[in-house]
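This report describes a single protein model for a reader who will work with its coordinates.

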Amino acid sequence: MSIWDAMEKLNTLIDESDPDTSLSQIDHLLQSAEAIRRDGKPRWMQLTGLIHDLGKLLFFYDARGQWDVVGDTFPVGCAFDERIIYGMESFKENEDFGHPIYSTENGIYTPGCGLDNVMLSWGHDEYLYHVVKDQSTLPAEALAMIRYHSFYPWHNAGAYRHLMNEKDEAMLKAVKAFNPYDLYSKSDDVPSVEELKPYYLELIDEFFPKREIKW
């Protein structure tokens, strides 16, 4: 399936975890990309805005509900940080809660190991990250924007810094630069899909060597 085909398939989903808009996903993606484009950001970042939520395709493939596809992400294999939204109240029945290893600060990791070596909770961010990292020429900053844009305990609340390395410091700046385009580009003004489609098809071809990619 091509990137644009994936966008059109996703167009029937309204994200229940997002209270800021009632628009379809393709409209949100185009709003994000167009806001990045208007600010003169690089073409790779414009494309990142366009595709960053395509991992929500998981909803159509055996998801139990939106709860296991959307929402905030967090590391697994170490203690749940209190800055995870609803974390302490919702994780008490989780088998990792109180585990002799998984409930410790470092868990299965070592301090400074780098977030590339940390397992994050499964959802649309992590899925899309694994889909595009080997099938596109997007830079590391774009991959970080995709993987971490729902990792609010980290980029918004400062959690899990003890697991970061030097690369993560640079990626954190990139994610923070991207986040306003995800959150604050939303409005009820519907973009013209047909008018914008030729520009973004060209952009997709620039960074995805193959028109159809493996999902």
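## Salt bridges

A salt bridge is counted where a side-chain nitrogen of Lys or Arg lies within 4 Å of a carboxyl oxygen of Asp or Glu. The model is predicted, so local features need pLDDT of at least 70 and side-chain atom pairs count only at pLDDT 80 or more, while totals for chains, interfaces and linings use all residues. Residues are numbered from 1 along each chain as its sequence is written, and side-chain values use heavy atoms, with hydrogens and water left out. Under the salt-bridge rule the count is nine. Arg43, Glu202 and Glu206 are linked in a network of such bridges.

Aspartate 116 and lysine 167 form a salt bridge at 2.7 Å, N to O. This pair links distant parts of the chain, 51 residues apart: aspartate 116 is in the loop between H4 and helix H5 (124–132), and lysine 167 is in helix H8. Helices here are DSSP runs (H or I, at least four residues) and strands likewise (E, at least two), numbered from the N terminus. Accessibility is given in three classes: buried is under 20% relative accessible area, exposed is over 50%, and partly exposed is in between (1.4 Å probe, protein chains only). Aspartate 116 is partly exposed because its relative accessible area is 42%, and lysine 167 is partly exposed at 38%.

Glutamate 169 is bridged to arginine 161, with the closest N and O atoms 2.7 Å apart. Both are partly exposed: glutamate 169 has 35% relative accessibility and arginine 161 has a relative accessible area of 41%. In the bridge between arginine 83 and aspartate 81 the N to O distance is 2.8 Å. Arginine 83 is partly exposed at 41%, whereas aspartate 81 is buried at 15%.

## Nonpolar cores

A nonpolar core is a set of buried Ala, Val, Leu, Ile, Met, Phe, Trp, Tyr and Cys residues joined through side-chain atoms within 4.5 Å. The largest one has 34 residues, and Leu47, Leu50, Ile51, Leu54 and Phe208 have the most contacts inside it. The elements that give two or more residues to this core are helix H1 (3–10), helix H2 (25–38), H3, H5, helix H6 (140–148) and helix H9 (193–207). Another core, of 21 residues, lies apart from it and includes Cys113, Ala159, Met171 and Val175.

Contact means heavy atoms within 4.5 Å. Leaving aside neighbours within four places in sequence, leucine 50 is in contact with Met7, Leu29, Leu30, Ala33, Tyr200 and Ile204. Valine 132, in helix H5, is buried because its relative accessibility is 0%. Not counting residues up to four places away in sequence, valine 132 touches Ile51, Leu143, Ile146 and Phe208.

## Helix H1

Which residues of H1 are buried? They are Ile3, Trp4, Ala6, Met7 and Leu10. They lie on the same side of H1 because they cover an arc of only 155° around the axis, the arc being that of the directions from the helix axis to the C-beta atoms. The buried residues of H1 pack against H2, H3 and H9.

## Loop residues and surface

Two residues other than glycine have a positive phi. Aspartate 62 has phi near 65° and is placed in the loop between helix H3 (43–51) and helix H4 (87–90). Its relative accessibility of 78% makes aspartate 62 exposed. Tyrosine 160 also has phi near 65°, in the loop between helix H7 (152–155) and helix H8 (166–183), but tyrosine 160 is buried, with a relative accessible area of 3%.

Phenylalanine 59 is in the loop between H3 and H4 and is partly exposed at 29%. Apart from neighbours within four places in sequence, phenylalanine 59 is in contact with Leu13, Gly65, Gln66 and Val69. From phenylalanine 59 to leucine 10 the C-alpha distance is 9.0 Å, across 49 residues of sequence.

Ile101, Tyr102, Ile108 and Met119 make a nonpolar surface patch of about 370 Å². Patches are made of residues with over 30% relative accessible area and no salt bridge, with like charges joined within 9 Å and nonpolar side chains (Val, Leu, Ile, Met, Phe, Trp, Tyr) within 5 Å. Accessible areas come from the Shrake-Rupley method with a 1.4 Å probe, and for residues only the protein chains shown count as cover. Methionine 119 lies in the loop between H4 and H5.
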